[in-house]
Amino acid sequence: MITIRRAVYEDIPKIMQFIDVHWKKDHILAMDRNFFEWQFVDRGKVNFYIAIENEKICAIDSFILYNDLESPDMTGSIWKAVRCEDPMIGLKINEVMEQTIHPRYCVGTGFSSRTVKFHKLLGHTVIKMDHFYRLNDLPKYYIANIAYKNISIPDETYYSLERLKTPEDMQEIITDKILRSQVFYKDYHYISKRYFEHPVWTYDVWAIRNHSHESNAVIVTRTVYYKKSKCIKIVDYFGKLDEFAKLSGAFDKLMLEQNCEYIDIYSYGIPKELLKQGGFCELNGSDPNIIPNYFQPFLQKNVDIWMMKPDIDNFFMLRGDGDQDRPS
């Protein structure tokens with residue numbers, strides 16, 4: 001007989017062992033207990049469901065909560081099943097998780113080929129996130145492989161980026177009322193933990209300032225290193241999306257200051273026209289350039305990020321959603 005239930009704190013060692021054996025050998029979530037707890041022990045609970053057969057875990061399904069509403073917004077995370085007496089256990093554990101948590105919105109991203117099959121069985125449409133980038137004008141690139149340098153000249157908007165050091169700094173610009181108006185609704189418990197208290201990586205949180213030094217949006221980035229080179233990943237965004245169209249000059253200044261090769265963004269729901277107005281080029285089948293995404297280990301290859309197409313209006317996702325921007 002198979003039992004499906006929400007995991008408790010005492011289950012963590014067995015879950016980590018399952019991840020190591022059946023999901024990915026030596027992954028940080030299998031090797032680093034502190035990081036595992038930072039990622040999945042939240043608001044006093046373990047954000048995993050487990051299926052147990054003969055006292056052994058045969059399936060896991062995990063999630064990331066964005067708020068503590070009665071029906072919260074969330075994304076899926078690690079989802080894995082192994083052979084057992086019930087060939088549908090992977091689908092059943094996901095069904096139990098959703099029926100118990102009853103999320104308002106649950107949209108997953110970063111699907112593996114196996115996860116894509118599961119989502120298609122669930123009737124979901126699987127799509128690629130948009131991938132855009134803006135190059136720094138350099139004589140040579142070491143992270144990117146640039147066959148054609150396409151750098152638009154930015155319009156002078158007098159927009160700038162100002163670093164925010166604390167969640168309280170951010171709250172002066174992005175109130176909880178503004179957060180609640182966005183889908184997903186990410187509360188400050190989530191934001192503080194995710195971007196200001198990350199145990200491994202450092203995130204830069206920026207106020208987007210207009211020519212009058214007013215701010216209606218905040219953007220989150222992470223600088224990534226490979227040997228002696230760097231690039232900048234756009235990870236998250238809060239506030240008015242149309243501010244993005246006026247940032248090319250500010251991004252150029254940031255890349256120049258940090259001596260970065262490029263800045264890039266994976267997104268869904270941000271209009272492509274806004275990204276193009278912001279000086280970004282779309283990386284698609286007709287673009288000969290390579291803008292890497294994997295750095296642990298480094299892989300100089302274009303990478304598609306697959307996600308479930310949401311049935312939600314006015315919704316956007318970036319690479320920081322779910323568990324996508326994490327150490328491996």
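Student: Hi! Which loop is Arg-43 found in?
Tutor: Hello! In this predicted model, Arg-43 sits in the loop between strand E2 (41–42) and strand E3 (45–46).

Student: And is Arg-43 buried, partly exposed or exposed?
Tutor: Arg-43 counts as partly exposed, because its relative accessibility is 30%.

Student: What is the phi of Arg-43 near?
Tutor: The phi of Arg-43 is near 55 degrees, a positive value in a residue other than glycine. For background, most residues other than glycine have a negative phi.

Student: Where is Asn-314, which has a positive phi too?
Tutor: Asn-314 is in the loop between strand E18 (306–308) and strand E19 (317–318). The phi of Asn-314 is about 55 degrees, although Asn-314 is not a glycine.

Student: Buried or exposed, that Asn-314?
Tutor: Exposed, because Asn-314 has a relative accessible area of 74%.

Student: Okay, let's zoom out. How many helices and strands does the protein chain have?
Tutor: The protein chain has 10 helices and 19 strands. It is as compact as a globular protein of its length, because its radius of gyration is 20 Å, close to the 20 Å that the globule rule gives for 328 residues.

Student: What does the C-alpha trace span along its principal axes?
Tutor: The C-alpha trace spans about 65 × 45 × 35 Å along those axes.

Student: What share of the residues is buried?
Tutor: Buried residues make up 56% of the 328 residues in the protein chain. The accessible surface comes to about 16,000 Å², and 48% of that surface belongs to carbon and sulfur atoms.

Student: How far apart are the mean positions of the positive and negative charges?
Tutor: They are 5 Å apart, for 42 positive and 46 negative charges.

Student: Back to single residues. Which strand does Thr-221 lie in?
Tutor: Thr-221 lies in strand E12, which covers residues 215–226. Thr-221 is buried, because its relative accessible area is 2%.

Student: What does the side chain of Thr-221 make a polar contact with?
Tutor: The partner is the side chain of Trp-206, at 2.9 Å. Beyond four places in sequence, Thr-221 is in contact with several residues, including Tyr-203, Asp-204 and Ile-232.

Student: What joins the side chains of Gln-258 and Thr-223?
Tutor: A polar contact of 2.7 Å joins those two side chains.

Student: And why does Gln-258 count as buried?
Tutor: Because Gln-258 has 16% relative accessibility, and buried means under 20%.

Student: Changing topic: which peptide bond is cis at Phe-184?
Tutor: The bond from Val-183 to Phe-184 is cis, with omega near 5 degrees. Phe-184 lies in the loop between helix H7 (176–181) and helix H8 (188–196). As a general point, most peptide bonds are trans.

Student: What about the peptide bond from Gln-296 to Pro-297?
Tutor: That peptide bond is cis, with omega near 0 degrees. The place of Pro-297 is in the loop between strand E16 (294–295) and strand E17 (298–299).

Student: Last one. Where does Leu-283 lie?
Tutor: Leu-283 lies in the loop between strand E15 (281–282) and E16. Leu-283 counts as buried, because its relative accessibility is 13%. Among the residues Leu-283 touches, not counting those up to four places away in sequence, are His-131, Tyr-133 and Asn-302. Leu-283 and Asn-302 are 8.6 Å apart in space, C-alpha to C-alpha, and 19 residues apart in sequence.

Key
Residues are numbered from 1 along each chain as its sequence is written. This is a predicted model: local features need pLDDT of at least 70, side-chain atom pairs count only at pLDDT 80 or more; totals for chains, interfaces and linings use all residues. Side-chain values use heavy atoms; hydrogens and water are left out. Helices (H or I, at least four residues) and strands (E, at least two) are DSSP runs, numbered from the N terminus. Buried means under 20% relative accessible area, exposed over 50%, partly exposed in between (1.4 Å probe, protein chains only). A polar contact is a pair of N or O atoms within 3.5 Å; within protein, one must be able to donate a hydrogen and the other to accept it, and residues adjacent in sequence count only if both atoms are side-chain atoms. Contact means heavy atoms within 4.5 Å. The radius of gyration is taken over C-alpha atoms; the globule rule is 2.2 Å times the number of residues to the power 0.38. Accessible areas come from the Shrake-Rupley method with a 1.4 Å probe; for residues, only the protein chains shown count as cover. Lys and Arg count as positive and Asp and Glu as negative; His and the chain ends are not counted. The place of a charge is taken as NZ of Lys, CZ of Arg, CG of Asp or CD of Glu.
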